[in-house]
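Visitor: Hi! I'm new to looking at protein structures. Could you walk me through this one?

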Amino acid sequence: MCVEVQGSPGAAGSAASDSVHSTGQASRIAALDLLQAGIERRGGFDEALGRAPFNRLPVRERAFARALASTTLRRLGVIDRLLAPKLQRTPPMLVMNLLRLGVAQLFYMDTPAHAAVSTIVEAAQAQRDSRPFKGLINAVLRGSERDRADPAKAQASSHVSPQTYAPEWLFNRWRAAFGEAAAMAIAARIPDEPSTDLSLRDPADAPELALALDAEILAGGSLRTQRRGDVTEWPGFEGGRWWVQDAAAAIPARLLDVQPGERVLDICAAPGGKTLQLAAAGGVVTAVDRSASRLSRLTENLQRMGLSAEVATADAADWSDDRLFDAVLLDAPCTATGTFRRHPDVLWAAKATDLAKLAALQVRLLESAARRVRPGGRLVYCVCSLEPEEGEAQMRAFLDRHPAFSLVRIADGEGGAPPRSLTFDGALRIHPGLEAPAGGMDGFFAARFVRSESI
Ligand SMILES: C[S@@+](CC[C@H](N)C(=O)[O-])C[C@H]1O[C@@H](n2cnc3c(N)ncnc32)[C@H](O)[C@@H]1O
């Protein structure tokens, strides 16, 4: 799965502060669908955005429904703690999710309390399976409304240990992998909505576009803006001068240091944020992905930017093409736990069993990538995951399996790598707790290899 929104037009950020007076039960039911799908399975949130009830809502109500579901996911750990003393036993998931949406509005959005409670009760009434629980929902949310008015209890909703924001099993993994302080710094970022980062087609445009977009220029050349709203209306979108791409996601392609005219293979390329970078650098790019629908977004993105690439729809592990390339990028499918700032659903959808399956797929894709690197050519492997099985462990196992490849250390600050993001052997391990005061970045792992000339 990939949950990045790179290059895709649409709304940047959400509308958590939107007035809700004009929105009602329908938007709550759509938020419920987003929340349930987001928790149930990887990619579920994005799927639910593309179907009814969400895509039948008027645009303004869509913004509210999405903001409500996202706010609930960002605060889920705390919301469940607020609800626990009010529930003698855990109710059915549908009911639990309605309660979560109610508490999210009461504590974290500017919904008037009466509207927060009544719209959720109405949404419960509207569905057969939640109807018998309408009384319970009303009583629990009225109790939460009273808590909100009590300063001591209201404070408990905002002053919590960062660890409360994360699913316990993931937090324990981060603590084991990175240490207590880093795990806390990562978890502390979960409730925050990130700024929007942009990659530029032409780096020389940075000063002009930074001015036009109220943005700062980051170390690697990305722009960072606090603007909200529809990115398609921002200066430079129409002319294809930039695309949306998290600053961390922009680093791996830079590590390949593609020169004009080099043959470059981008494996697992869609929706194409990294393809655009490689093509903008002058590479002759072949982009492979198994998802035709995601590749059509890649093609649209290329067209908007006035860039080109050969596009192939294939399972990259079995792709029959036997050409060799100067540079290969593999941005492998992963649990995407590093992207929780933009996609809080990933935290709740991730399952330990998925991790094992994805790690096995990453091995197959790495084998395929290695076969396509010419002697002397470069390979960058990356994942937007915080889990070492998908990053550091893949790198070490790859080096053990492939004596023809050696690791090429990433230099301090190379490609915009933030300070303290290099591992002792010279790979990149970015986590969202790094550079937090400057706005932070998504979590990413990247390693760069070179194939020997002779083997
Ligand atoms: C992390 S996302 C890629 C993001 C992309 N590189 C970018 O920068 O926009 C992973 C991609 O892997 C693709 N994928 C998953 N399994 C695949 C396979 N076996 N072969 C080819 N593509 C695959 C998914 O369709 C998804 O588009």
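Guide: Happy to! One term to begin with: two strands count as paired if DSSP finds at least two bridges between them. Keep in mind that this is a predicted model.

Visitor: Okay, which strands form an open sheet, and in what order?
Guide: Four strands do, in the order β3-β4-β2-β6, and their pairing is antiparallel.

Visitor: Which ones are the edge strands?
Guide: Those are β3 (215-217) and β6 (242-244), each of which pairs on one side only. Neighbouring strands in this sheet are turned by 30° against each other on average, ignoring direction.

Visitor: How many bridges join β3 to β4?
Guide: Three, and β4 covers residues 223-225.

Visitor: What holds paired strands together anyway?
Guide: Strands of a sheet pair through backbone hydrogen bonds, either parallel or antiparallel.

Visitor: Which strands does β14 pair with?
Guide: Let's take them in turn. Strand β11 (residues 373-383) runs antiparallel to β14, with six bridges between them. There, Cys382 sits opposite Ala446. Strand β12 (residues 405-407) also pairs with β14 in the antiparallel sense, over three bridges, and Ser406 faces Val450. Strand β13 (residues 428-430) is joined to β14 by three bridges, again antiparallel, with Ile430 opposite Phe444.

Visitor: What about the largest nonpolar core, how many residues does it have?
Guide: It has 129 residues, and those with the most contacts inside it are Ile137, Trp174, Leu330 and Leu379. Helix α5 (residues 93-108) gives the largest share, eleven residues. There is also a second, separate core of 13 residues, including Ala206, Leu209, Leu223 and Phe237.

Visitor: What does Leu379 touch?
Guide: Leaving out residues up to four places away in sequence, its contacts include Leu256, Val328, Phe398 and Phe405. Leu379 also touches Ala447, Arg448 and Phe449.

Visitor: Why would nonpolar side chains end up together?
Guide: In soluble globular proteins, nonpolar side chains tend to be buried together.

Visitor: Last one: which residues of helix α13 are buried?
Guide: They are Gly273, Lys274, Thr275, Leu276, Gln277, Leu278 and Ala279. That is seven of the eight residues in α13 (residues 273-280), so this helix is largely enclosed by the rest of the structure.

Visitor: And what follows α13?
Guide: Gly282 follows α13, and its phi is positive, near 100°.

Note on methods:
Residues numbered from 1 in each chain as written. Predicted model: local features only at pLDDT ≥ 70, side-chain atom pairs only at ≥ 80, totals over all residues. Heavy atoms only, no water. Helix = DSSP H or I, 4+ residues; strand = E, 2+ residues; numbered from the N terminus. Core = buried A, V, L, I, M, F, W, Y, C linked by side-chain atoms within 4.5 Å. Buried < 20%, exposed > 50% of the residue type's maximum accessible area, 1.4 Å probe, protein only. Contact = heavy atoms within 4.5 Å. Axes fitted to C-alpha atoms, helices over the stretch in contact; angles between N-to-C directions.
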